[in-house]
Amino acid sequence: MADAAVTTRPAGSGNALLWLRQNAGLAGAIALFVLFYGIYNLYHPRGFSQQVLIQNANEVFTIALIAMAQTVPVLTGGLDLSVGAVMTLVNCLASHLVAGSPLEIAAGIVACLAAGTAFGLLNGCIVVYGRIQPIIATLATGAVAIGLALFLRPKPGGKLDADLSWAMTNALSDFAETYGLFDGGQAVGFQPVAWIPVPLVLLAVMVLCVWLPFSRTLTGRTVYAIGSAEGAAYMSGLPIARAKLAAFAMAGFFAAVGGLFLAIQTSSGNADIPQAGAYTLNSIAAVVIGGTSLLGGSGGAVASVVGALVLRAISFNFRIFDIAPLMQPLVEGLVLLAAVSLGALRTLRTRNRLELFR
């Protein structure tokens with residue numbers, strides 16, 4: 001009878017259980033996000049409304065991109081401590097360049113993304129050709145990035161194109177109305193998606209058009225192989241140096257997108273050193289909460305996005321439950337400490353004790 005029960009089990013349930021075993025960290029992060037965000041909306045006076053969703057999407061986008069930026073070097077077994085500083089540098093650069101005619105705005109956006117990617121590539125060159133540990137190299141280059149940001153913006157200021165700021169931080173209907181698309185956003189076929197916040201669409205584009213294609217290339221798979229066993233990857237003839245360069249360049253690109261959006265959202269640039277440090281720390285916490293191993297080789301950017309959503313959902317609840325501002329850093333610090341500690345607990349399951357000393 002037992003054998004009969006096994007043979008009659010639906011294939012779908014078996015696949016679901018297998019997925020849960022292989023992605024326990026991500027499944028836990030999704031459950032935490034549903035819990036915290038559900039509580040927030042239930043107690044919010046305008047919970048589950050489009051206005052609240054748009055506000056939340058704007059607050060989530062930058063930290064989600066910084067978490068994606070941190071994920072790629074982490075998959076190789078390293079850490080990038082400059083992602084928050086690169087974001088700040090691009091934020092200040094955008095406050096100078098993203099204004100004027102449509103052509104000037106487009107050129108400014110391209111310049112901002114290129115600057116962030118080039119900075120990430122510089123990190124990769126230092127790590128690969130300088131033979132310096134990523135955590136040391138990026139700590140130094142992060143200070144350089146902050147110095148450049150302060151040079152560009154000694155004081156908060158600047159101004160970005162107002163139409164761009166409005167269109168990118170509201171619903172798709174507002175984007176279409178601003179730029180005269182889909183009959184000013186009134187086309188019948190456009191209505192089912194008109195309510196979706198633009199930041200969520202951009203986040204989906206980053207995942208579907210940048211991260212997923214990259215992770216399926218030889219270079220992307222080599223990134224995972226380096227984190228799993230760099231020596232074995234080298235002996236297999238995989239392009240180690242190219243993958244590390246691509247990983248750090250990709251980190252710079254994602255950080256640049258985050259900094260550019262932050263500038264568009266605030267319509268200004270600000271070389272805020274504590275803010276850069278907080279984004280870097282939160283990016284590491286988001287990576288761990290999403291289930292990506294700090295030892296490298298397992299996880300992904302999508303999981304880190306979920307981790308970022310969990311972090312923001314927790315901060316949303318601070319507001320709704322009126323937690324004293326002086327207590328919020330304490331609670332956030334405890335959450336971050338717990339998240340990083342959970343990542344370290346995975347080493348206890350390592351059978352080969354030598355792996356603990358990597």
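Start by selecting helix H4 (residues 50–75) and helix H14 (residues 273–289): the two pack at about 70°, with their axes 8 Å apart. The axes are lines fitted to C-alpha atoms, for helices over the stretch in contact, and angles between N-to-C directions run from 0 to 180 degrees. Helices here are DSSP runs of H or I with at least four residues, strands are runs of E with at least two, and numbering goes from the N terminus.

Before moving on, note that this is a predicted model: local features need pLDDT of at least 70, side-chain atom pairs count only at pLDDT 80 or more, and totals for chains, interfaces and linings use all residues. Residues are numbered from 1 along each chain as its sequence is written, and side-chain values use heavy atoms, with hydrogens and water left out.

**Stop 1: H4 against H14**

H4 and H14 are roughly perpendicular to each other. Angles of 65 to 115 degrees get that label; under 35 is roughly parallel, over 145 roughly antiparallel, and the rest oblique. The crossing of H4 and H14 is right-handed. That term applies if the near helix is turned clockwise from the far one by less than a right angle; anticlockwise is left-handed.

Now show side chains. On the H4 side, pick Thr62, Ile63, Ile66, Ala67, Gln70, Thr71 and Val74; they meet Tyr279, Thr280, Asn282, Ser283, Ile284, Ala286 and Val287 in H14. Contact means heavy atoms within 4.5 Å. By class, the contact of H4 with H14 holds eight nonpolar, six polar and no charged residues. Nonpolar covers Ala, Val, Leu, Ile, Met, Phe, Trp, Tyr, Cys and Pro; charged covers Asp, Glu, Lys and Arg; the others, Gly among them, are polar.

**Stop 2: H3 against H4**

Tyr37, Tyr40 and Asn41 in H3 meet Val52, Leu53 and Asn56 in H4.

What does Asn317 contact, leaving aside its neighbours within four places in sequence? The partners are Phe36, Ile39 and Tyr40. Asn317 counts as buried, at 9% relative accessibility. Buried means under 20% relative accessible area, exposed over 50%, and partly exposed in between, using a 1.4 Å probe and protein chains only.

**Stop 3: the largest nonpolar core**

The largest nonpolar core has 84 residues. Such a core is a set of buried Ala, Val, Leu, Ile, Met, Phe, Trp, Tyr and Cys residues joined through side-chain atoms within 4.5 Å. Select Leu65, Met68, Val98, Met206, Trp211 and Phe254, the residues with the most contacts inside the core. Helix H13 (residues 240–266) gives the most to this core, with 15 residues.

Centre on Trp211. Not counting residues up to four places away in sequence, Trp211 touches Met68, Val72, Leu75, Met206, Tyr224, Phe254, Gly300, Ala301 and Val302.

**Stop 4**

Select helix H7 (residues 134–152) together with H6. They pack at about 145°, with axes 10 Å apart, in a right-handed crossing. Phe119, Asn123, Ile126 and Val127 in H6 meet Pro134, Ala137, Thr138, Thr141, Ala145 and Leu148 in H7. The contact of H6 with H7 has seven nonpolar, three polar and no charged residues.

Next, Val128, in helix H6 (residues 102–130). Is Val128 buried or exposed? Val128 is buried, at a relative accessible area of 10%. Its C-alpha atom is 6.2 Å from that of Ala241, 113 residues apart along the chain. Val128 touches Ala241, Lys244 and Leu245, not counting residues up to four places away in sequence.

**Stop 5: H8 to H10**

In helix H9 (residues 172–179), the buried residues are Leu172, Asp174 and Ala176. Their cover includes helix H8 (162–168), H10 and helix H11 (198–215). Ser165 lies in H8 and is buried, with a relative accessible area of 11%. Ser165 touches Leu160, Ile264 and Ser267, not counting residues up to four places away in sequence.

Finish on the backbone. Most residues other than glycine have a negative phi. Just after H9, Gly180 takes a positive phi of about 65°. Phe182, in helix H10 (residues 182–185), has a positive phi of about 50° although it is not a glycine. Asp183, also in H10, has a positive phi of about 55°. Asp183 is exposed, with a relative accessible area of 63%.
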